[in-house]
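User: Hi! Could you walk me through this structure? I'm new to this.
Analyst: Happy to, let's have a look together.

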Amino acid sequence: MNTPSIITIPILPFGMVHCHLIIGDEACVLVDTGTPGSEGKIERALAKHGRGFRDVSLIVVTHAHTDHAGSAARLRELTGAPILAHAGDLDYYERRKEMTYCVAHWWGPLFLRSGVPGEAYLPFTPDILLQDNASFDLGRYGIDGVARHTPGHTAGSVSVELGSGDALVGDLVASGVLLGGLIRTGHATRPPFEDDPQAVSVELMSMVDAGAQRFHMGHGGPLPAKEVRRHALSLRNLKPGRKYGMQTVGCACSERKLAEFVD
């Protein structure tokens with residue numbers, strides 16, 4: 001197989017949110033699907049590279065947050081492609097449980113309070129459901145690489161590791177100030193929410209040690225392995241934070257409650 005092309009598809013401006021298209025010789029794999037209603041942006045990106053919805057052979061959803069899974073159900077209808085995801089996030093994909101969030105930055109509660117992270121999306125059941133520590137060979141979809149369970153950001157987070165040395169890691173790492181950002185875009189940082197920083201450290205170090213050279217992510221990036229390694233080492237002694245649901249910090253929450261999050 002020849003080296004595939006990795007296309008970044010902007011969903012929000014300034015690198016705040018994007019998904020990725022892996023274009024091989026015979027097929028395309030879409031990694032993440034953006035917020036609800038992102039199918040038009042993805043269709044335009046496909047057309048720009050001479051492809052259409054029916055050229056997408058597989059949809060990989062890295063985790064259940066709305067900016068990654070938001071258009072998955074609709075894109076499955078449009079492309080006919082199966083969705084691959086991990087069982088650790090299944091309750092959220094099927095909308096049977098409320099998503100919870102471990103705040104990783106002082107501004108995380110403000111972001112939660114905006115309501116954006118909790119935007120509802122159409123429920124779906126993945127067609128290919130990975131179990132703990134499982135990997136899936138993408139060769140049958142024309143891509144030299146694997147999709148692998150990489151928990152830490154959420155229990156069911158998945159990453160794609162390609163033979164080219166590229167890794168598409170969802171929200172295991174971010175870059176820049178706030179989301180993506182206009183400055184410090186080459187500096188790795190934690191995403192707004194992160195369940196288990198020590199688990200994230202293990203997964204990122206594993207990919208670096210296995211030879212990953214470039215890391216593509218949902219907010220900012222890409223980043224070289226050296227910078228990801230520095231970030232992974234910085235996470236080793238951090239403890240998981242408390243989890244909060246959207247109702248806890250909804251628009252009607254008190255300023256006092258919000259201050260408790262920031263503290």
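**Core, helix and sheet**

Analyst: This is a predicted model. Of the 32 residues in its largest nonpolar core, the ones touching the most other members are Leu30, Val61 and Phe124.

User: Which element gives the largest share of this core?
Analyst: That would be E2, with four residues.

User: And what is Val61 in contact with, leaving aside its neighbours within four places in sequence?
Analyst: Its contacts include Ala72, Leu84, Tyr93, Phe124 and Val158. There is also another core apart from this one, with 18 residues, Val173 and Leu235 among them.

User: Switching to H3: which of its residues are buried?
Analyst: Ala72, Ala73, Leu75 and Thr79. They lie on the same side of H3, because they cover an arc of only 165° around the axis.

User: What covers them?
Analyst: The cover over the buried residues of H3 includes E3, H1, E4, E5 and helix H2 (66–69).

User: Okay, now the sheet. In what order do the strands come?
Analyst: The order is E1-E2-E3-E4-E5-E7, six strands in an open sheet with mixed pairing. E1 and E7 (128–130) are the edge strands, each pairing on one side only.

User: How do E2 and E3 pair?
Analyst: They pair in the antiparallel sense, over four bridges. For Ile23, the bridge partner in E3 is Cys28.

User: Which strands do the helices touch?
Analyst: H1 packs on the sheet and touches E1, E2, E3 and E4. H3 packs on the sheet too, touching E3, E4 and E5, and its direction makes about 165° with that of E4.

Note on methods
Residues are numbered from 1 along each chain as its sequence is written. This is a predicted model: local features need pLDDT of at least 70, side-chain atom pairs count only at pLDDT 80 or more; totals for chains, interfaces and linings use all residues. Side-chain values use heavy atoms; hydrogens and water are left out. A nonpolar core is a set of buried Ala, Val, Leu, Ile, Met, Phe, Trp, Tyr and Cys residues joined through side-chain atoms within 4.5 Å. Buried means under 20% relative accessible area, exposed over 50%, partly exposed in between (1.4 Å probe, protein chains only). Helices (H or I, at least four residues) and strands (E, at least two) are DSSP runs, numbered from the N terminus. Contact means heavy atoms within 4.5 Å. The arc is that of the directions from the helix axis to the C-beta atoms. Two strands pair if DSSP finds at least two bridges between them. Axes are lines fitted to C-alpha atoms, for helices over the stretch in contact, and angles run from 0 to 180 degrees between N-to-C directions.
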